[in-house]
Amino acid sequence: MIDGDKTTRRDVVKGAATLGAVGLAGCSGDGGDGGDGSDGGDGGDGGDGGDGDVTITIGGTSTGSSTQAAGQALARAAQQHSDFLNISVQETQGWTANLYEYDDDQIPAMGVDNNSLAKALNDEGPFADDPVDTLPNQGFLFTSLQIHWVGLDGSGVESVSDLRDGGYTIYPIQPGFGTRLLTEEILKEAGVWEPNDILNVDTGDIPGAVEEDRVDALCLYGANGVNLSGWCQEVDVRSSERLNLLEVDDDFRQVIEDHPGAILEEVEPYGYEQDVTEYTDTLTAWSLAGQWAFSPDIPARATREVCRLAMEHEETLRESDPTTLEYSPEAMTQTVIPEIDVHAGVADFFEENDVWDDSWNRGDE
């Protein structure tokens, strides 16, 4: 791990998350000429085995998650538009959990959020008592998630202020998710965690809990302002039109603004199949930026090819994952944390597109 000023690092991540959550529109651009198999190897296990095909296995979190959808879209783009790259997406327990999986040599690549990366870098949060020895090289921004509150009709919960009074059952997302880590930190700081019962179930089980009235309020999220994540859509469908956005007070907004890993966003509701505006017509979110990250053992040509696919074949990505953001070289750099190496192939792509910053560190090939 790298020692240094933790406040400075948190400020860096705050800035990266801010940029990652806004201003993502960009052109399709020219991402290069693709890979010709001249200098790489077999990256299925992080090895470099010659001039053949490369397979990257990505830790994609759970079924129905935004990361799983984005990873499957990348896999489709690689299958259709790459001469040498294959992408396999493995189900895992979440962004935060992926860092432990990587440290245990279980996955060579992953989706991960900047808040979890910063906590792992600084031995904070869950990593204070259970640190990781190794971190992946950074890749590029692929999503920004707008996490927000909804309550169920009949629960008596109409606002965050009601939750401070306590006595409710709340769902702060699945343990192990990066969205859960950030949400738990914010809820504790806002005085919402302790007074309530926490429902700890997987995202695949929460639609049933909503249907059976076993939860009063829960945190859901959408991706890139386009649509709800898959499991959140299932909650929406199975709620029998009983969901409503919770009103958020100034104290809760201030907690979001003060958190180094989140960005406050207030937008019109999106993605729901029902009217969720009985208590408020504003979706107030604590947004979290996510990026692809890679083992340095994966060949540089492979991660450069991933960048090219994202830039040149956005339409293919969007056919598989409608929440795909509009890629531009500038947007792709907006999750870079200067204290963590950028993968060599991603660094090559950034340099070729004139978005490399000399304050960043290039990973070893």
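Helix α2 (residues 66–81) and helix α10 (residues 300–312) have axes that come within 10 Å and cross at roughly 95°. The two helices are therefore roughly perpendicular (65 to 115 degrees). Axes are lines fitted to C-alpha atoms over the stretch in contact, with angles from 0 to 180 degrees between N-to-C directions. Leu74, Ala77, Ala78 and His81 of α2 meet Glu305, Val306, Arg308 and Leu309 of α10, where contact means heavy atoms within 4.5 Å. By class, these are five nonpolar, one polar and two charged residues.

This is a predicted model, in which local features need pLDDT of at least 70 and side-chain atom pairs count only at pLDDT 80 or more, while totals for chains, interfaces and linings use all residues. Residues are numbered from 1 along each chain as its sequence is written, and side-chain values use heavy atoms, without hydrogens and water.

Helix α3 (residues 95–103) is largely enclosed by the rest of the structure, because seven of its nine residues are buried, meaning under 20% relative accessible area with a 1.4 Å probe and protein chains only. Among them are Trp95, Leu99 and Tyr102. Just after α3, aspartate 105 has a positive phi of about 60°.

Asparagine 244 lies in strand β9 (residues 243–245) and counts as buried at 4% relative accessibility. Its side chain reaches two partners:

| Partner of asparagine 244 | Distance |
|---|---|
| Aspartate 153, side chain | 3.0 Å |

Conventions
Helices (H or I, at least four residues) and strands (E, at least two) are DSSP runs, numbered from the N terminus. Buried means under 20% relative accessible area, exposed over 50%, partly exposed in between (1.4 Å probe, protein chains only). A polar contact is a pair of N or O atoms within 3.5 Å; within protein, one must be able to donate a hydrogen and the other to accept it, and residues adjacent in sequence count only if both atoms are side-chain atoms. Angles under 35 degrees count as roughly parallel, over 145 as roughly antiparallel, 65 to 115 as roughly perpendicular and the rest as oblique. Ala, Val, Leu, Ile, Met, Phe, Trp, Tyr, Cys and Pro count as nonpolar, Asp, Glu, Lys and Arg as charged, and the others, Gly among them, as polar.
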